[in-house]
Amino acid sequence: MSFRGLRDADPLDTSVLVLQDRHRSHLVDTEQFQEVLHPRQQMRAFLGTWRMDPRIHPYVIRAGFYGIYRLGHVIIDWPLITSLVERWRPETHTFHLPVGEMTITLQDVAILLGLRIDGPAVTGTSVLDVAGLCVELLGVIPPDEALRGVAISIRWLCQQLSTPAPNADDVALQRSARGFILALMGSFLFADKKGVHVHLCFLSPLRDFTQTASYS
């Protein structure tokens with residue numbers, strides 16, 4: 001795909017990039033957009049609220065989520081993100097850069113997040129016994145106000161599980177780790193617009209941390 005130059009992201013041929021008149025790069029060229037983007041960053045807010053207890057570190061690592069946890073402490077270059085947004089084309093799902101087209105691959109995700117991309121798929125049902133599942137894997141029953149359908153409040157999880165007792169046994173620490181990983185999913189991997197609830201269908205795969213790490 002040919003472009004006008006390094007400073008002008010408008011394509012010469014719009015037969016493929018048919019959304020150019022509504023694309024951010026066009027709006028930037030016409031001086032309708034000048035500000036740097038600052039997208040929602042739910043994960044940093046979550047990690048500021050839920051300080052991971054050092055005793056659950058081994059479980060988070062065993063489950064394969066430590067790489068995601070570490071990303072929450074990365075300082076993001078928002079001007080760079082803004083520039084990439086201006087080069088992203090929804091018609092081709094690629095970044096159109098001066099050197100050519102590039103995109104994000106599954107291997108990139110695996111390297112950045114430390115997640116497996118080859119393994120059993122995570123499948124299941126969204127019809128859940130919420131009380132039974134939470135008692136078994138979290139040790140608590142969420143009240144109605146902490147639920148939205150079969151999604152649970154991340155704030156409530158934090159209040160209940162973020163501070164294990166000083167003499168907590170292995171079972172209690174595993175429950176705290178499950179709550180932390182579940183909240184991590186809701187704040188980063190499967191975040192909604194507000195990042196305040198997470199679906200409980202992700203709790204069952206956390207039953208056995210060794211098995212969790214094997215999922216794709």
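Helix α5 contributes five residues to the lining of the largest pocket, the most of any element. Helices here are DSSP runs of H or I with at least four residues, strands are runs of E with at least two, and both are numbered from the N terminus. The model is predicted, and local features need pLDDT of at least 70, side-chain atom pairs count only at pLDDT 80 or more, and totals for chains, interfaces and linings use all residues. Residues are numbered from 1 along each chain as its sequence is written, and side-chain values use heavy atoms, with hydrogens and water left out.

The largest pocket holds about 1100 Å³ of space. It is lined by 28 residues, and those closest to its centre are Leu71, Ile76, Trp78, Ile81 and Phe188. Two or more lining residues come from each of α2 (42-49), α5 (78-87), α6 (106-113) and α9 (170-189). A pocket is found on a 1 Å grid over the protein atoms alone, as an open set of points where a 1.4 Å probe fits, with protein on both sides within 12 Å along at least five of seven lines; its lining residues have an atom within 4 Å of a point. The volume is the space filled by probe spheres set on the points, which are joined across faces, edges and corners.

By residue type, the lining of the largest pocket divides into 17 nonpolar, five polar and six charged residues. In this division, Ala, Val, Leu, Ile, Met, Phe, Trp, Tyr, Cys and Pro count as nonpolar, Asp, Glu, Lys and Arg as charged, and the others, Gly among them, as polar.

The second largest pocket has about 390 Å³ of space. Of its 17 lining residues, Phe65, Leu115, Val122, Tyr215 and Ser216 lie nearest its centre. Its lining consists of 12 nonpolar, four polar and one charged residue. Ser216 belongs to the segment after α10. The C-alpha atom of Ser216 is separated by 4.7 Å from that of Ile117, although the two residues are 99 residues apart along the chain. Ser216 is partly exposed because its relative accessible area is 42%; buried means under 20%, exposed over 50%, and partly exposed in between, with a 1.4 Å probe and protein chains only.

Together with Leu80, Ile81, Leu84 and Val85, Ile76 forms a nonpolar patch with about 340 Å² of accessible area. Such a patch is made of residues with over 30% relative accessible area and no salt bridge, with nonpolar side chains (Val, Leu, Ile, Met, Phe, Trp, Tyr) joined within 5 Å and like charges within 9 Å. Accessible areas come from the Shrake-Rupley method with a 1.4 Å probe, and for residues only the protein chains shown count as cover. Ile76 is located in the loop between α4 (66-71) and α5, and its relative accessible area of 33% makes it partly exposed.

The discussion now turns to charged pairs. Side chains of opposite charge can pair when their charged atoms come close. The structure holds four salt bridges, each being a side-chain nitrogen of Lys or Arg within 4 Å of a carboxyl oxygen of Asp or Glu. One of them joins Arg55 and Asp53, at 3.0 Å from N to O. Arg55 is partly exposed at 29% relative accessibility, whereas Asp53 is buried at 14%. In another, the closest N and O atoms of Arg116 and Asp118 are 3.7 Å apart. Glu136 and Arg207 also meet in a salt bridge, at 2.9 Å from N to O. This pair links distant parts of the chain, 71 residues apart: Glu136 is in helix α7 (residues 130-137), and Arg207 is in the loop between β6 (197-199) and α10 (209-212).

The loop between β6 and α10 also contains Leu200. Leu200 counts as buried because its relative accessibility is 0%.

A last point concerns the backbone. Most residues other than glycine have a negative phi. His93, which is not a glycine, has a positive phi of about 55 degrees. His93 lies in the loop between β1 (88-89) and β2 (94-97) and is exposed, with a relative accessible area of 52%.
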